[in-house]
Amino acid sequence: MDSQRPGLFSDERQNAILAEITQRGRVSVTSLAEQFSVVGETIRRDLAALEKRGAVRRVHGGAIPAGLAAFESPIGARAKLMAAEKERIVSAALAELPAEGSVFIEAGSTSSFLVNVMPSDRVLTVVTNSGYLASVLAQAGNLTVLSVGGRVRQRTLACVDDWALRTLSSLRVAVAFLGTNGLSVDGGLTTPDLAEAAVKRATLAVAARTVLLADHSKIGVVSVARYGELDQIDLLITDTGLPDEDTRELEGTGLHVIRV
């Protein structure tokens, strides 16, 4: 492939880098330097040029598509992104389900994959703040499904505002499966919407054990509203697209990370 040959002109290399970021969702400086047979500083200059053009957004150790942190695409569109990675993530998440008792599943695109693979050999009470997820879960005869009420955000189908916050404040479950728009060592857990941030902040306190399900495109992203810290997460399940260096940095904070 041309993008893997050394000796490309800078504009050719930048266009190839942009194609990689668009396809993969997130790239690291290290992987790009190896792919294009150049030093890391050259890649950083390329990313700076692409960011100046408004084509990408630089994050710690690499770059993501422009607007990914600030713009929140509809959940139907997000469910199609990183689909293979999300399938692997939720398969690994099944190991975190209790044999019995109660769990919370937060509204989100990765969660839509999780509810489709819930096992039929567990008798569980499942609470969710998504009407869509509740409707899917209710079709499983072995599950008792409780839906958190509130205003439904059209973009994410998540229930938000006071009604949802009051319900979540009185909720206690064994395990919570959560998602996020952004996660970074410096920025913590972030999301673009303030109402969603308030609900996400409340979900961090509902469970004895908290499992974050996030594909590698969310790592290193910092959005507008910071709603939580990494030490509030017991386990991060992500995919193998997350570079080793970023994994080590996250684990250096004490966060347990599984890549699948």
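These are my notebook entries on a predicted model of one protein chain.

**Ground rules**

I count residues from 1 along each chain as its sequence is written, and I leave hydrogens and water out, using heavy atoms for side-chain values. Since this model is predicted, I ask for pLDDT of at least 70 for local features and 80 or more for side-chain atom pairs, while totals for chains, interfaces and linings use all residues.

**Confidence**

I looked up pLDDT, the predictor's confidence in each residue, from 0 to 100. The protein chain has a mean of 89. I see 92% of its residues at 70 or more. Residues 1-5 stay under 50. That stretch has 8 contacts beyond four places in sequence; contact means heavy atoms within 4.5 Å. Residues 70-74 are also below 50. Beyond near neighbours in sequence, I note 13 contacts for them in the model.

**Nonpolar cores**

Next I looked for nonpolar cores. Such a core is a set of buried Ala, Val, Leu, Ile, Met, Phe, Trp, Tyr and Cys residues joined through side-chain atoms within 4.5 Å. For burial I use relative accessible area: buried is under 20%, exposed is over 50%, and partly exposed is in between (1.4 Å probe, protein chains only).

The largest core has 32 residues. Phe-104, Leu-168, Leu-183, Leu-189, Val-206, Leu-236 and Leu-250 touch the most other members. I then asked which elements supply at least two residues each: β8, α8 (161-169), β9, α9 (194-203), β12 (207-213) and β13 (225-228). Helix α9 gives the most, with 4 residues. My helices (H or I, at least four residues) and strands (E, at least two) are DSSP runs, numbered from the N terminus.

I followed Val-206 in detail. Leaving out residues up to four places away in sequence, Val-206 touches Phe-104, Leu-168, Leu-171, Arg-172, Val-173 and Ala-176. Another core, of 22 residues, lies apart from the largest one. Its members include Ile-89, Val-90, Met-118 and Val-175.

**Salt bridges**

I searched the whole structure and got 11 salt bridges. The test is a side-chain nitrogen of Lys or Arg within 4 Å of a carboxyl oxygen of Asp or Glu. Side chains of opposite charge can pair when their charged atoms come close.

Asp-46 and Arg-13 pair at 2.5 Å, N to O. Asp-46 is in helix α3 (residues 40-52) and Arg-13 is in helix α1 (residues 10-24). The two are 33 residues apart, and the pair links distant parts of the chain. Asp-46 counts as buried because its relative accessibility is 3%. Arg-13 is buried too, at 9%.

Glu-106 and Lys-200 pair at 3.0 Å, N to O. Here Glu-106 sits in the loop between β4 (100-105) and α6 (109-115), and Lys-200 sits in helix α9. They are 94 residues apart. Glu-106 has 2% relative accessibility, so I log it as buried. Lys-200 has 5%, so it is buried.

I also checked Arg-122 and Asp-121, which pair at 3.6 Å, N to O. Asp-121 is exposed, at 60%. Arg-153, Asp-193 and Glu-196 form a network of salt bridges.

**Positive phi**

Most residues other than glycine have a negative phi. I found Ser-37 with a positive phi of about 55 degrees. Ser-37 lies in the loop between α2 (29-36) and α3. At 47%, Ser-37 is partly exposed.

Leu-157 has a positive phi of about 60 degrees. I find Leu-157 in the loop between β7 (151-152) and β8 (159-160). Its relative accessibility is 32%, so it counts as partly exposed.

**Two more residues**

I checked Ser-28 in strand β1 (residues 27-28). Ser-28 is buried, at 4% relative accessibility. Not counting residues up to four places away in sequence, Ser-28 touches Gly-61, Gly-62 and Pro-243.

I ended on Ala-174, in strand β9 (residues 173-178). Ala-174 is partly exposed because its relative accessible area is 29%. Beyond four places in sequence, Ala-174 touches Pro-98, Ser-102, Ala-207, Ala-208 and Arg-209.
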